[in-house]
Amino acid sequence: MDKDCAHEEGGEMDDDSVNSQLLRLMARHAKLTDLLHAHHLIGGYDIIKTRQGKGVCVSLATSYDGVYLDTYNMEIDLTAPLRISRHNIPTFIPLNSLAEQSNLQTNIRAFLDTLSQHLNAFVGRKQQLKLVKELHESVEVMESNALCSILVLLLTVPEEKTAVLCKLHYTDHTRCLPTRVHIDCEDEQLPGSSQWKKNCTLFKETPVHKALSTIRQAGIIL
């Protein structure tokens, strides 16, 4: 009799334990879903529940200069610990590192914000490169990489059609503007001239296709 009671009590305790775990999981899911919904309202993310509520698919739309561009998708498994199960984020975006640095497990908002910054900066740089090719036929793109973090342009100065090599380095991958600009030319005095120092500053403060337009309109390059 006592054994039967003990067995019944043990069964009740097991049920209580399972129920407690289930309630904690439901509360965690509700909290994360509410947070992601807030991001949808504020940050433009689209959130869709997957696998009967055990996961969510986050769509991150990107834009540049008021124009919507690429959309990236990422599925997050909501069971502890949180895990990114599938995505189409470009491989050169350090997704796992960003998840660790932002502490995805406790601060999903910081992770989404940081990821959105990286994606928008990337598509912004890519769009600028596209506009350089479309708007500046006299400018030759000598080098660029998949992340669009390096851009080498061949410019031509009207006087004797002097060739100028302009190297732009985008070391801050959360921004669309270069952090360093280097000018190289056979005329050793040209890079150090006040005019080209101003041009370098312009490249750092203005999107590259717009900077080129300003420099060309001033008659400095073809």
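A: Phe-92 has a relative accessibility of 31% and therefore counts as partly exposed; buried means under 20% relative accessible area, exposed over 50%, and partly exposed in between, with a 1.4 Å probe and protein chains only. The model is predicted: local features need pLDDT of at least 70, side-chain atom pairs count only at pLDDT 80 or more, and totals for chains, interfaces and linings use all residues. Residues are numbered from 1 along each chain as its sequence is written, and side-chain values use heavy atoms, with hydrogens and water left out.

Rings of Phe, Tyr and Trp (its six-membered ring) pair if their centres lie within 6.5 Å; planes under 30 degrees apart count as stacked, over 60 as edge-to-face and the rest as tilted. Under this rule, one aromatic pair is counted. The pair is edge-to-face because the ring centres of Phe-92 and Phe-122 are 5.0 Å apart, with planes at 65°. Phe-92 sits in the loop between strand S4 (83–87) and helix H2 (95–101), whereas Phe-122 belongs to helix H3 (residues 108–135), so the pair ties together parts that are 30 residues apart in sequence. Helices (H or I, at least four residues) and strands (E, at least two) are DSSP runs, numbered from the N terminus. With 4% relative accessibility, Phe-122 counts as buried.

The helix that carries Phe-122 also packs against a sheet. Four strands form this open sheet in the order S1-S2-S3-S4, with antiparallel pairing; two strands pair if DSSP finds at least two bridges between them. S4 and strand S1 (46–50) are the edge strands, each pairing on one side only. From one strand to the next, the twist averages 30°. S1 is joined to strand S2 (residues 55–64) by five bridges, and the two run antiparallel; Ile-47 has Val-58 in S2 as its bridge partner. H3 touches S2, strand S3 (67–77) and S4, and its direction makes about 35° with that of S2. For such angles, axes are lines fitted to C-alpha atoms, for helices over the stretch in contact, and values run from 0 to 180 degrees between N-to-C directions.

H3 also matters to the count of core residues. A nonpolar core is a set of buried Ala, Val, Leu, Ile, Met, Phe, Trp, Tyr and Cys residues joined through side-chain atoms within 4.5 Å. The largest one holds 49 residues, and Met-74, Phe-111, Leu-115 and Leu-153 have the most contacts inside it. The most is given to this core by H3, with nine residues. When neighbours within four places in sequence are left aside, Leu-115 is in contact (heavy atoms within 4.5 Å) with Leu-60, Met-74, Ile-89, Ile-93, Leu-95 and Leu-98.

H3 is also part of what covers the buried residues of helix H5, together with elements including S2 and strand S6 (150–157). In H5 (residues 208–217), the buried residues are Val-208, His-209, Ala-211, Leu-212, Ser-213 and Ile-215. Gly-219, which follows H5, has a positive phi, near 80°.

The setting of these parts is a chain with five helices and eight strands. Of its 222 residues, 38% count as buried.
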